Amino acid sequence: MTGLEIGIISVGAIIVLVYSGLHIAIALSLVSFLSVLYQSGSTSLAINLLTLAATDGIANQTFAVIPLFVMMGLLMNATGVGRDAFDVGDFVLHRLRGGLGLATVASNAVFAAVTGVSIASAAVFTRVAVPEMLRLGYSPRFAVGTVAGSSVLGMLIPPSVLLIVYAIITDQSIGRMFFAGIGPGIILSTVYCLGILAMAYFIPSMVFDPTRKFADEAAMGADRFEGVTWGQIALKLLPIGFLIFVVLGGIYGGVFTPTEAGAVGALFATLYAVLRGKLTLALFVQTLRETGYITAAVCFLIIAATMYSRSLAFAGVPSEIGRFAQTLTQNYLVILFIFVLIVLVLGTIIDAISIMLIVVPLFLPIMLQFGVDPIWFGIITTIAVEVGLLTPPLGMACFVIKSSLTNKEITLEDVFIGALPFAAMMLFVIGLLVRWPHLIYIDQWFG
Amino acid sequence: MTRTHDSGQQPKATVEQGNLLDNQMPEFPILTPLARLYGFAGAAVVLGLLIIVNVDVFGRFLFNRPLAGTLELSEMGIVAIVFLQLAGTIGARRLTRSDGFLGFVERRRSVLALYMRAIFNILGAVTLLVVAYGQFPRLITSYVRGYYKGNVGIFTAPTWPLDAIVLTGVVLGAVMFVALAGVNVKKIINEKRRIAE
Amino acid sequence: QEEISIRIASGFAPNVAAVKILQETFMPRVDERLAETGNYSIEWREAFSGTLAQPGGELEAIQLGLTDIGVIPTAFHADRLPLYQIGSVTPFTSSDLVLIFGVMDDLVEQYQEFSETWDPLNQVSLAVSGIPDNYVLCSRVPISTKEDVDGLRVAGAGLNLRWVEPAGAVGVTGTLANFYQLVETGVADAMMVWGEAIVSLKYHEVCPHYFDAGMGGLNSYVINVNKQAWDRYPEEVRTALREAAVEYGVAIGNFSAEVGAQARDTMLESGGTVTELSQEDRLAWVNSLPPLAIEWADALEGEGVRAREILAAYMEAMREADQPVLRDWDVE
Ligand code: NA
Ligand code: NA
């Protein structure tokens with residue numbers, strides 16, 4: 001059997017097992033085990049593949065910051081910092097149709113400036129934005145879909161763990177990668193907003209729930225912002241503004257690195273919670289434990305994805321894909337198209353960081369032959385990889401949203417379906433950046 | 001209908017509402033208290049990570065005194081957190097899965113769905129035991145040979161405690177899977193008895 | 001003709017010298033040697049860029065048989081490979097990598113302690129190699145004297161921070177991957193790297209000032225083969241692998257020297273400065289260091305390893321080859 005055949009069969013097995021309901025990490029480990037056992041005929045080798053990935057798959061600093069970013073997100077949720085940012089967006093945008101959707105996107109874009117992982121954004125805004133949208137008659141799918149789609153901004157707008165990983169594996173400057181994330185982050189947010197407006201005005205059934213099942217009719221009729229002044233709203237921007245100042249100021253002022261920002265952000269979020277009198281010892285312990293649970297669920301998946309990507313490497317799949325792509329054509333747009341396609345397919349079952357580790361070293365040399373800017377390629381890759389956060393069966397952002405939802409009538413399928421238009425808009429943005437590559441540099445937007 | 005947990009009860013994992021994670025874990029004798037203990041240890045490592053990174057950052061910036069070993073300890077800490085929390089994550093049914101199809105089967109043939117759940121839990125146990133089997137000799141070697149992370153003269157930390165956490169963490173996780181499978185089997189027996197009556 | 005399939009792995013990507021020279025020298029040389037008789041040919045299965053093992057994970061991947069051959073960065077394994085750390089306890093000795101590798105390979109052959117290191121790790125070591133030919137400080141501000149180093153925050157990879165801390169530098173532990181970022185943001189003022197890294201990783205963009213204190217270089221890699229795989233290979237293939245591994249060391253040593261020499265020009269072109277420490281200051285510096293090598297040797301002697309003898313042989317070879325040797329590390 002060729003590597004490619006092993007790859008295809010194992011993908012099929014994983015999809016069947018995952019959809020039958022086997023835990024995703026178990027499905028990935030089990031298939032990796034069987035694949036290596038089949039190829040090598042050695043049980044001990046297959047066992048060791050799993051054990052080694054379990055111990056070294058996440059043992060580096062890039063992953064060590066995940067719990068700290070998650071903790072910062074939980075604390076910002078507990079202290080209402082995320083909620084305040086959302087309220088500001090709501091106040092400013094509530095006269096537009098689909099205004100809450102716009103507010104979710106806008107506040108997520110701001111929140112992205114302090115978080116390095118999308119799962120933190122997804123967890124916070126599920127608690128903040130979804131109940132409010134349901135109360136005001138938005139469709140549940142739109143509500144969770146908007147949160148899923150805009151959580152992607154967390155890893156496109158710096159600081160971002162994904163941009164750091166790309167910079168590391170390609171020897172690019174992390175600073176420049178970060179800078180190149182700002183423009184596309186703004187473009188994606190804008191496209192989301194235009195898409196939401198288009199849906200709200202032209203296909204309202206996609207945005208609003210005609211049955212108003214979860215709606216609070218009284219709230220819908222009333223002017224929610226009666227008596228609210230701009231001054232009060234401005235005050236709500238202070239806490240998030242302060243955190244952005246601490247995080248960005250710290251990074252660009254030479255106090256700490258973007259990876260360390262998670263720890264400093266979590267510390268300041270803790271201090272803020274204490275000052276606001278919102279943090280009891282019990283709540284603090286619960287936050288730590290919740291952080292541990294989310295970290296364990298996410299990192300165990302990353303470990304299993306590492307096992308699987310190593311079993312693919314063992315079968316020689318990455319180099320076969322690379323050779324295949326190279327021989328296929330000499331047209332760079334076609335190769336880019338194939339690249340994005342491969343990333344999207346892998347994105348259905350492998351986690352974002354592993355995909356980067358697998359495909360970037362294969363394709364970057366090919367891309368460089370065409371004189372492509374590696375930073376631009378990194379941004380394209382990042383967005384394409386992030387689409388995978390939204391696609392079934394393995395869609396991390398959707399999982400986090402599902403597990404953070406308090407309304408249990410909304411299913412995982414609802415989240416995936418709701419996120420679909422946003423995944424489509426991400427592809428549209430990739431198209432824009434391919435057509436006008438200089439768009440990634442915000443300083444080149446206006447001449 | 002999809003849920004991210006096995007039984008009909010709802011996970012309430014919101015921090016602001018008070019964390020009811022522990023109540024989601026079925027009360028198995030010895031096992032559940034042990035998983036809870038590991039969970040607290042995992043939470044302590046999260047706190048430790050928060051503290052050492054900040055001490056390093058501010059020590060370096062304010063006093064030119066970075067904390068030696070921060071890099072090594074964070075790399076070890078993240079692994080420790082995952083394996084200390086694993087059994088609890090499994091017990092609280094928060095290990096990620098897509099159970100749309102299971103729910104569908106459940107509504108038509110509840111016994112079949114229970115069989116599936118039992119098999120999946122056993123598969124989980126087997127997988128974790130495979131990891132444990134490979135990890136056992138690694139623990140012995142790292143203990144006997146005194147493996148460490150870091151550099152002599154600057155900072156060193158022995159790796160065997162971490163290897164022990166990984167080993168006991170996956171074993172505890174496997175036992176938790178078996179216990180959950182036991183619950184499934186018990187339900188199957190009750191269900192069959194009910195149908196027979 | 002018999003075709004032998006060999007899986008070859010590294011945590012590094014092909015743009016890093018370790019893998020680049022594998023592809024440009026090691027693998028082709030093996031193929032060429034075998035083509036001479038035509039008895040065997042190799043089907044290479046590449047697993048680079050960490051697809052099979054992270055940087056530092058190669059040792060266990062070879063040990064467990066996940067890969068047949070791999071390049072191991074020895075500095076990551078001070079616990080498992082203490083003998084191979086000899087370079088990091090003998091700074092200010094030599095910057096001739098090809099010489100260092102040759103001396104090391106001779107020691108490996110002469111003292112069975114080296115191969116005994118590998119036996120429990122289930123692998124066979126082919127040859128010593130490495131990349132840092134001469135550690136320099138790449139700094140945001142110009143440095144010209146030993147005093148300028150006092151209070152400087154220096155990003156380094158670990159053990160070699162002990163070379164600069166006695167001069168008053170504050171060590172910031174990092175990896176090659178985050179040095180750029182550490183210095184760019186100002187978290188660190190300088191980094192401890194070698195010329196090839198400055199050029200390849202564009203460090204001159206963030207720290208254009210090059211300061212050479214004559215710290216010298218060291219062995220940092222070995223090419224190893226899994227024991228079971230090794231036992232399977234015919235004698236002819238084994239010989240080809242060994243010889244090509246030695247050639248790999250020569251090629252990467254020359255590459256490091258060549259690109260390293262460019263680093264000075266690159267610095268000047270990017271508006272920086274190039275300074276060298278006076279001989280007087282060098283001596284003061286090296287003599288301010290603790291007896292690193294003796295401490296290292298004594299710890300190993302405690303485990304029954306003839307480390308003092310090995311150290312003496314290493315230093316003697318360096319003196320014989322007329323290397324700078326600013327301190328006789330083997331003398332107390
Ligand atoms: Na971000
Ligand atoms: Na996906």
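A polar contact is taken here as a pair of N or O atoms within 3.5 Å, where within protein one atom must be able to donate a hydrogen and the other to accept it, and where residues adjacent in sequence count only if both atoms are side-chain atoms. The structure is a predicted model, in which local features need pLDDT of at least 70 and side-chain atom pairs count only at pLDDT 80 or more, while totals for chains, interfaces and linings use all residues. Residues are numbered from 1 along each chain as its sequence is written, chains are lettered from A and ligands numbered from 1 in the order in which they are written, and side-chain values use heavy atoms, with hydrogens and water left out.

Between chain A and chain B, five residue pairs are in polar contact, both residues being at pLDDT 80 or more. The side of chain A that touches chain B draws its largest share, 20 residues, from helix 15 (residues 281-314) of chain A, helices (H or I, at least four residues) and strands (E, at least two) being DSSP runs numbered from the N terminus. With contact defined as heavy atoms within 4.5 Å, 67 residues of chain A are in contact with 66 residues of chain B. The size of an interface is often given as the accessible area lost when the parts come together. On this basis (accessible area, 1.4 Å probe, that two parts lose on being put together, summed over both), chain A and chain B bury about 5,900 Å² between them, 71% of it on carbon and sulfur atoms. His23(A), Arg289(A) and Tyr293(A) supply 13% of the area that chain A buries against chain B, which is more than any other three residues. Two salt bridges are found across the interface of chain A and chain B, a salt bridge being a side-chain nitrogen of Lys or Arg within 4 Å of a carboxyl oxygen of Asp or Glu. Arg94(B) forms a salt bridge with Glu290(A), in which the closest N and O atoms are 3.2 Å apart.

The contact between chain A and chain C takes 32 residues from chain A and 29 residues from chain C, and these two chains bury about 2,500 Å² between them, with 55% of that area on carbon and sulfur atoms. Of the area that chain A buries against chain C, 23% is supplied by Leu52(A), Asp171(A) and Phe314(A), more than by any other three residues. One salt bridge is found across the interface of chain A and chain C; Arg176(A) forms a salt bridge with Glu205(C), with the closest N and O atoms 2.8 Å apart. Four residue pairs, both at pLDDT 80 or more, are in polar contact between chain A and chain C. Among the elements that give two or more residues to the side of chain A that touches chain C are helix 10 (161-170), helix 13 (230-252) and helix 18 (352-369) of chain A, whereas helix 3 of chain A gives the most, with five residues.

Charged groups also sit over rings, a placement that requires NZ of Lys or CZ of Arg to be within 6 Å of the ring centre and within 35 degrees of the ring normal. The charged end of Arg7(C) sits over the ring of Phe314(A), 3.6 Å from its centre, and that of Arg80(C) sits over the ring of Tyr147(B), 3.8 Å from its centre.

Over all chains, the structure holds 20 aromatic pairs, in which rings of Phe, Tyr and Trp (its six-membered ring) have centres within 6.5 Å, with planes under 30 degrees apart counted as stacked, over 60 as edge-to-face and the rest as tilted. The rings of Tyr192(A) and Phe422(A) form an edge-to-face pair, because their centres are 5.1 Å apart and their planes lie at 80°. Tyr192(A) lies in helix 11 (residues 174-202) of chain A and Phe422(A) in helix 21 (residues 412-435) of chain A, so the pair ties together parts that are 230 residues apart in sequence. With buried meaning under 20% relative accessible area, exposed over 50% and partly exposed in between (1.4 Å probe, protein chains only), Tyr192(A) counts as buried at 0%, and Phe422(A) is buried at 1%. In chain C, Tyr84(C) and Phe114(C) form an edge-to-face aromatic pair, 5.3 Å centre to centre with 85° between the planes, and both residues are buried.
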